[in-house]
Amino acid sequence: MDAHLIANEIASDALKRLNRIRAGKRKWDLPRLQYRYAVQCAVFSAFSAEATLKKFIACRIWLQSRRPERDALRAVWPDRPTVHQMLKFVSSTSRTDPALLGEVGELFKHRNALAHATATMTADEEDDPTHGRVEWRGLTTRLLTEEDIEKAAWCVGVADRLRASLRIDGDPDWKSFQP
């Protein structure tokens with residue numbers, strides 16, 4: 001089974017669990033679980049979206065292009081393309097709604113904000129009447145918010161709409177590389 005299908009199942013299951021908690025159908029409404037499920041929705045939806053983009057691109061390059069174009073694309077296409085590169089390729093080789101591709105870009109930004117640890121380091125000195133000159137240092141990391149919980153359904157929806165939009169088999173909107 002494809003890993004992205006498992007990722008989609010995990011994201012969808014997390015959204016169902018989050019919705020049950022938020023609807024009050026669970027006796028133990030732990031905020032920690034809400035955040036856990038919201039993070040699962042974002043991370044696994046982005047995982048699924050990335051796999052969908054990569055599969056679509058591979059099919060376009062390997063299976064749906066003529067030999068000269070295929071050879072040229074394989075020669076220049078990176079092994080680990082950025083999200084921007086993938087979205088640009090999909091935009092130029094399909095009729096996928098640009099607004100959906102914009103949402104996919106936002107999904108990755110949201111996932112990155114959650115998944116990639118960031119810390120702000122601060123330092124300062126101040127005069128303390130008792131101890132004289134005192135140096136203090138602080139470290140601030142991103143905290144999960146209610147907005148992260150509310151974005152969970154949007155994350156799953158973006159991945160689902162992308163998967164439905166990029167039908168690889170028999171796509172009548174395929175823009176071929178014909179001159």
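1. Confidence by element. In this predicted model, strand 2 (residues 132–141) has the lowest confidence in the protein, with a mean pLDDT of 73. Helix 5 (residues 98–115) has the highest, at 95. Where pLDDT is low, the predicted coordinates should not be read in detail.

2. Confidence overall. The protein has a mean pLDDT of 83. Of its residues, 89% reach 70 or more.

3. Largest pocket: volume and lining. The largest pocket holds about 150 Å³ of space. Its lining consists of Lys54, Ile57, Ala58, Ile61, Trp62, Arg74, Trp77, Pro78, Asp79 and Pro81.

4. Which element gives the largest share of the lining? Helix 2 (residues 31–63) does, with five residues. By class, the lining of the largest pocket has seven nonpolar residues, three charged and no polar. Among the lining residues are Trp62 and Trp77, along with Lys54, Arg74 and Asp79.

5. How many disulfides does the structure hold? The count is zero.

6. Is cysteine 155 buried or exposed? Cysteine 155 has a relative accessible area of 1%, so this residue counts as buried, the cut-off being under 20%.

Definitions and conventions
Residues numbered from 1 in each chain as written. Predicted model: local features only at pLDDT ≥ 70, side-chain atom pairs only at ≥ 80, totals over all residues. Heavy atoms only, no water. Disulfide = S-S within 2.5 Å. Buried < 20%, exposed > 50% of the residue type's maximum accessible area, 1.4 Å probe, protein only. 1 Å grid on protein atoms, 1.4 Å probe; cavity = no way out; pocket = protein on both sides within 12 Å on 5 of 7 lines; lining within 4 Å. Points joined across faces, edges and corners; volume = space filled by probe spheres on them. Helix = DSSP H or I, 4+ residues; strand = E, 2+ residues; numbered from the N terminus. Nonpolar A, V, L, I, M, F, W, Y, C, P; charged D, E, K, R; others polar. pLDDT = per-residue confidence, 0-100.
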